[in-house]
Amino acid sequence: MPNTQELKDLTTQVRRDILRMVHKVNSGHPGGSLGCAEFFVALYQDIMDRKEGFDMDGIGEDLFFLSNGHISPVFYSVLARSGYFPVEELNTFRLIDSRLQGHPTTHEGLPGVRIASGSLGQGMSVAIGAAQAKKLNNDSHLVYSLHGDGELQEGQNWEAIMYAAANKVDNLISTVDLNGQQIDGSTDDVLAMGDLKAKFEAFGWTVVEIDKGNDIEAILEGMAKAKSLAGKGKPVCVLLKTIMGHGVDFMMYTHAWHGKAPNDEQLENGLQQNPETLGDY
Amino acid sequence: MKTYTNTGNKDTRSGFGAGLTELGKTNENVVALCADLTGSLKMNDFEKNHPERFFQIGIAEANMIGIAAGMTIGGKIPFTGTFANFSTGRVYDQIRQSVAYSDKNVKICASHAGLTLGEDGATHQILEDLGLMKMLPGMTVINTCDFNQTKAATIAIADHEGPVYLRFGRPSVPNFTPEDQTFEIGKALHLIEGSDVTIVATGHLVWEALEAAKTLNEEGISAEVIDIHTIKPLDEKAILDSVSKTKCIVTAEEHNYLGGLGESISRVLAQHQPAPQEFVATHDTFGESGTPEQLMEKYGLNAEAIVKAAQNVLKRKTS
């Protein structure tokens, strides 16, 4: 298992990948991707118990579902750098005939992706189904999912949140990326969701808070705690406080970079802030 | 002329329930999900026999479709059950992204389709579902005509890899197809051979087409009756072979003429063999409350309407 410095180096490289991918095609979603870079690196390099290669059914290994599919750049970068497909393929992001579609899909057979996402609010239901299938298969592995905070405005989430608790889907760890931003502004301005911790707890979930969601050690510690709370009769929610655009100073603390690519100069600036570690694709 | 015997009226939804009961015994990967309509969908038997494989979702159809998609990951074959309206229009985007685009092996089983749901009225009587479902890439769309066929189709779709929409209904209708049939997806059934006019029907309108053929026969008109239980993929050859002989066609369905079976057939004919066609279907309208018989008569979806349509299309036929 990689040590903390190695995870940090990988995170820096993932940030470079994200910036270069969206810059090349002048489209995509860098803000949320950068904010979740540490989480994805920790999840795929440390937290999850994964098998070599890719098998859709994923029996005997942990599974991950990305519900807020627009942060595909970070997902693709970490999948490639975790061995699911060649890193050179990151060059094809959003191009015609690519397996790296704008939003993740199984349709082109990209290893590592088990469901299409992009239309928001559907991933938790899918993760619950996969978790219940694991129970039917007597597979003790866990199912992880990631959701945007703005995404929780979609009502299907609350159907799923209610169902998972009522049916004791306790092999599910759903993380909410609490960056407080969505396309039209801050989540509080667009549609305030109030106290999410209290809401999840009222629905019958166990909640773990990670206040430093861009700190590898804090994520490892928080997710280890979440894992230890699995299998105790309740689904587990992780509230991960992140900074949108983290690691690129001019992209931080704003929703402006939700779905906007940097220009040549901005790219250069962003790359200088994140020096090459493992080698660019 | 070949005739068919009604072995006793039964509802097609009970055919689904019987098929599911059978699958419970024979295929351990089959799981069933229901959104608070277990009795209406006749899923009680499966629930009783296999409680560990039955999932009561509550009144949350979007969640049901997503959970079903997730359960396929791990090799399960989920059968979801609710009314046709809540199986399609209410959850179209969930089906589109999490099932169809994601190539998931989910069987969406829909009861109470069309006007024959009856007294509950238009909020529950979907007449657009075949169109919605056939437009989704990769979706197989089936509309069965009686108890026996619905049971056979339910069993057959478990062995088909890929998403399926199976549509059936609420009322008791004649049961006339063989009890021991093997259901072949995409294969039209030639019920009556004829030479003057082709009548293609689906769902509850198949029995009405057989009745219409009898009346037409008494008038000296030889009608060929074809049961299209699979709207997609469509058995184009069966349609073209028949129309090449009869040169005209009537299509009959409990669905809007926009987007239904009739339009699928129009496309096939326009591409390969243009011929006059009459549509026995609802004409861009919602339904209303009433008994199934009253509604089918008011909206022109019975044997009498098929006879009239056949007479009309024969007048348009160029020999």
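The following legends describe close-up views of a predicted model.

**Figure 1. Overall build of chain A.** Chain A of this predicted model contains 10 helices and seven strands. Its radius of gyration is 17 Å, close to the 19 Å given by the globule rule for 281 residues, so chain A is as compact as a globular protein of that length. The C-alpha trace of chain A extends over about 50 × 45 × 35 Å along its principal axes. Of the 281 residues in chain A, 53% are buried. Among the contacts in chain A with a separation of 6 or more, 76% link residues 24 or more positions apart.

**Figure 2. The loop between β2 and α6 of chain A.** This view shows Glu154(A) and Gly155(A). Glu154(A) is placed in the loop between β2 and α6 of chain A, and Gly155(A) lies in the loop between β2 (143–148) and α6 (156–166) of chain A. When neighbours within four places in sequence are left aside, Glu154(A) is in contact with Leu120(A) and Gly121(A). For Glu154(A) and Val25(A), which are 129 residues apart in sequence, the C-alpha to C-alpha distance is 29 Å.

**Figure 3. The contact between chain A and chain B.** Chain A contributes 27 residues to this contact and chain B contributes 22 residues. On the side of chain B that touches chain A, α3 (61–72) and α5 (92–100) of chain B each supply at least two residues. The largest share of that side, eight residues, belongs to α3(B). By class, the residues of chain B that touch chain A comprise nine nonpolar, 10 polar and three charged.

**Figure 4. The two domains of chain B and the contact between them.** The domain assignment divides chain B into domain 1 (10–173) and domain 2 (189–318). The centres of domain 1 and domain 2 of chain B, taken over C-alpha atoms, are separated by 26 Å. In the contact, 27 residues of domain 1 of chain B meet 30 residues of domain 2 of chain B. On the domain 1 side, the elements giving two or more residues are α6 (129–134), β6 (140–143) and α7 (147–158) of chain B. The largest share of this side, four residues, comes from β6(B). The domain 1 side is made up of 12 nonpolar, 11 polar and four charged residues.

**Figure 5. Strand β6 of chain B and its partner β7.** From β6(B), Thr140(B) and Ile142(B) point one way, whereas Val141(B) and Asn143(B) point the other way; all are buried. Strand β7 (residues 164–167) of chain B runs parallel to β6(B), and four bridges join them. Leu166(B) in β7(B) is the bridge partner of Ile142(B).

**Figure 6. The largest nonpolar core.** This core has 174 residues, and those with the most contacts inside it are Ile199(B), Ala209(B), Ile306(B) and Ala310(B). Both domain 1 (10–173) and domain 2 (189–318) of chain B give residues to the core, so it lies between them. With neighbours within four places in sequence left aside, the contacts of Ala209(B) are Ile199(B), Ala201(B), Val225(B), Ala252(B) and Ile306(B).

Figure 7. Strand β2 (residues 30–34) of chain B is mostly covered, with five of its five residues buried. In a regular strand, side chains alternate between the two faces of the sheet. In β2(B), Val30(B), Ala32(B) and Cys34(B) point one way, and Val31(B) and Leu33(B) point the other way. β2(B) pairs in the parallel sense with strand β4 (residues 77–83) of chain B over five bridges, and with strand β3 (residues 54–56) of chain B, also in the parallel sense, over three bridges. Leu33(B) stands opposite Thr80(B) in β4(B), and the bridge partner of Leu33(B) in β3(B) is Phe55(B).

Definitions and conventions:
Residues numbered from 1 in each chain as written. Chains lettered and ligands numbered in written order. Predicted model: local features only at pLDDT ≥ 70, side-chain atom pairs only at ≥ 80, totals over all residues. Contact = placed C-beta atoms within 7 Å. Nonpolar A, V, L, I, M, F, W, Y, C, P; charged D, E, K, R; others polar. Domains from an automatic or database assignment. Rg over C-alpha atoms; globule rule 2.2 N^0.38 Å. Buried ≥ 20, exposed ≤ 12 C-beta atoms within 10 Å, placed from the backbone. Core = buried A, V, L, I, M, F, W, Y, C linked by C-beta atoms within 7 Å. Pairing = 2+ DSSP bridges.
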